[in-house]
Amino acid sequence: MKIWSGSASPEAGNKAYRIMLEKDIEVDRHLIPYEILSLLAYNLNIYRKGIGRKEDTLKTLKELYGLYSRKLDLDPELEDVHGNIESIAMEETDGSAKNMRMFLSRNEQVHTDVDFFLVDTLIDYEKIIYSTLQEINKIRQNGIMPGYTHYRQGMPVTFQTYMDFIKNIFVYNFNKINNAIGELKELPLGYGSGFGSMSDVDFTEVASYIGMEKNIKNPLFSFMLYPDNYIMVMSIINSFLIDISRIFQDMIIFSGDEMKILELPPGYVTGSSLMPNKVNPDFMEIFQGYAAKSVSIMNLLYSGIINKTTGYHRDFQVLKDEIIPFMVELKSILGGFPDLFSGIKFNGATSEKILGNSIYATYNSKLNFNSTGNWKESYRMVGDKIKSGNRLKSYVPADVITYRDFNFIKQIVDGNTSYLETSRKRLLDTIGDIVRDIV
């Protein structure tokens with residue numbers, strides 16, 4: 001039975017519509033535990049407020065409590081995770097779960113499930129970033145390498161400074177991810193279809209059961225966060241992947257035949273199907289393709305939302321169906337980062353050999369300025385030296401090390417993980433105590 005059975009709409013379907021639903025069902029499998037958690041919290045408040053028949057609510061809680069630890073499959077005929085969980089609960093309780101989701105709309109439920117999913121997935125990203133930073137921090141190789149602008153040598157930089165730059169990129173994106181996690185803790189349940197809820201449940205209490213908050217009062221604004229949360233999260237992912245794709249482009253060039261100042265680890269390069277001399281940076285190139293895919297999903301998001309009214313629209317389902325699988329797949333790909341970065345080797349001797357004479361031009365201009373006090377003249381003098389083929393004075397730039405350890409990252413990750421695990425365990429323990437003695 002579909003969750004909207006009994007409404008004014010006739011219960012019929014067609015093959016074309018089923019095709020649209022089948023991918024949605026596949027995606028909804030990722031939302032099963034979150035659907036059950038939110039329903040547990042909602043029905044716990046129903047029980048505590050004495051709404052409806054107590055016996056029915058207790059049977060509903062017991063069934064949901066048992067479902068949380070079960071491996072469930074979803075039936076496409078029931079459209080989504082909401083219909084499937086309701087159908088199972090209704091059957092197993094002989095109809096006692098009929099009020100399980102009273103006054104809840106599909107909109108606020110999918111919004112809640114997705115926010116749960118996003119928080120958990122982003123915390124997994126944080127864990128990967130922390131592990132990657134730990135591995136980068138172990139790299140002790142050093143030496144001078146060329147810094148490029150316009151694909152031309154500009155000024156020298158040390159390898160440790162370059163690796164510190166990569167650390168900064170990871171920390172910068174970690175902070176943005178962590179800010180998003182905080183934003184996603186606002187509980188969507190309670191806005192109905194965007195126009196307010198008829199439920200007598202205290203949604204502030206419901207939020208407290210599952211480690212979330214309920215601060216926004218305006219239901220229309222609360223609903224608007226559904227597409228906006230997608231935009232927020234995908235914008236952060238876009239920024240992160242674009243930053244990494246640029247670092248990977250550096251490494252593709254630095255590990256090529258013309259330079260070979262970097263060596264990429266086995267498992268992240270492949271051979272050629274024809275040319276046995278080739279060592280191809282396939283992992284990095286394919287990752288750049290994923291960065292491009294992330295941008296395309298962002299375009300889908302904007303295209304799907306622009307010029308829509310402020311209410312819910314079913315085509316938002318397509319956004320969910322693209323974003324969730326992408327984030328799941330991306331987590332597995334990012335999982336290779338610690339091993340990748342720990343295996344990068346720097347060839348300092350080769351790097352020094354490719355440093356051009358002109359890479360020291362700015363340093364020599366500074367030396368001239370110290371004598372002449374005239375920057376334009378000092379700049380011209382160095383230009384003349386380069387044109388005439390004279391050697392410039394070389395120098396070794398200082399290392400710039402921003403981060404010595406990442407205990408502050410670990411504390412944040414551990415805090416986020418512990419907070420959610422504690423909240424969910426407390427909810428499950430509370431309901432376990434309530435339903436333990438029910439026959």
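Arg 106 is buried, and Asp 80 is buried as well, where buried means under 20% relative accessible area, exposed means over 50%, and partly exposed is in between (1.4 Å probe, protein chains only). Their side chains meet in a salt bridge, with N to O at 2.4 Å. The term stands for a side-chain nitrogen of Lys or Arg within 4 Å of a carboxyl oxygen of Asp or Glu. This pair links distant parts of the chain, 26 residues apart: Arg 106 is in helix α5, and Asp 80 is in the loop between α3 and α4. Helices here are DSSP runs of H or I with at least four residues, strands are runs of E with at least two, and both are numbered from the N terminus.

Before going on, a word on the model. It is a predicted one, in which local features need pLDDT of at least 70 and side-chain atom pairs count only at pLDDT 80 or more, while totals for chains, interfaces and linings use all residues. Residues are numbered from 1 along each chain as its sequence is written, and side-chain values use heavy atoms, with hydrogens and water left out.

Let's stay with charge pairs. Side chains of opposite charge can pair when their charged atoms come close. In the whole structure, a search finds 23 salt bridges. One of them brings together the side chains of Asp 56 and Lys 98, at 3.0 Å from N to O. Here too the pair links distant parts of the chain, with Asp 56 in helix α3 and Lys 98 in the loop between α4 and α5, 42 residues apart. Asp 56 is buried, at a relative accessible area of 7%, whereas Lys 98 is partly exposed, at 48%.

Asp 384 forms a salt bridge with Arg 380, and their closest N and O atoms are 2.5 Å apart. Both residues lie in helix α14, four residues apart, or about one turn of the helix. Asp 384 is partly exposed, with a relative accessible area of 34%, and Arg 380 also counts as partly exposed, at 41%. Elsewhere, salt bridges that share partners join Arg 53, Glu 55, Asp 56 and Lys 98 into one network.

Helix α14 (residues 375-388) is also the place of Trp 375. This tryptophan is partly exposed, with a relative accessible area of 41%. Together with Phe 369 and Tyr 379, Trp 375 forms a nonpolar patch on the surface, with about 340 Å² of accessible area in total. Such patches are made of residues with over 30% relative accessible area and no salt bridge; nonpolar side chains (Val, Leu, Ile, Met, Phe, Trp, Tyr) are joined within 5 Å, and like charges within 9 Å. The areas come from the Shrake-Rupley method with a 1.4 Å probe, and for residues only the protein chains shown count as cover.

Now for the backbone. Most residues other than glycine have a negative phi, and most peptide bonds are trans. Which way does phi go at Glu 79, positive or negative? Glu 79 has a positive phi of about 75 degrees, although it is not a glycine. Its place is in the loop between α3 (54-68) and α4 (81-92), and at 2% relative accessibility Glu 79 counts as buried. Asp 94 also has a positive phi, near 55 degrees. Asp 94 is found in the loop between α4 and α5 (106-137) and counts as exposed, at 74% relative accessibility.

Finally, see how helices pack. Helix α6 (residues 159-183) and helix α8 (residues 219-254) pack at about 165 degrees, with their axes 9 Å apart. That makes α6 roughly antiparallel to α8, and α6 passes α8 in a left-handed crossing. Helix α2 (residues 32-49) and α5 pack at about 120 degrees, with their axes 9 Å apart. That makes α2 oblique to α5, and the crossing of α2 and α5 is right-handed. Axes are lines fitted to C-alpha atoms, for helices over the stretch in contact, and angles run from 0 to 180 degrees between N-to-C directions. Angles under 35 degrees count as roughly parallel, over 145 as roughly antiparallel, 65 to 115 as roughly perpendicular, and the rest as oblique. A crossing is left-handed if the near helix is turned anticlockwise from the far one by less than a right angle, and right-handed if clockwise.
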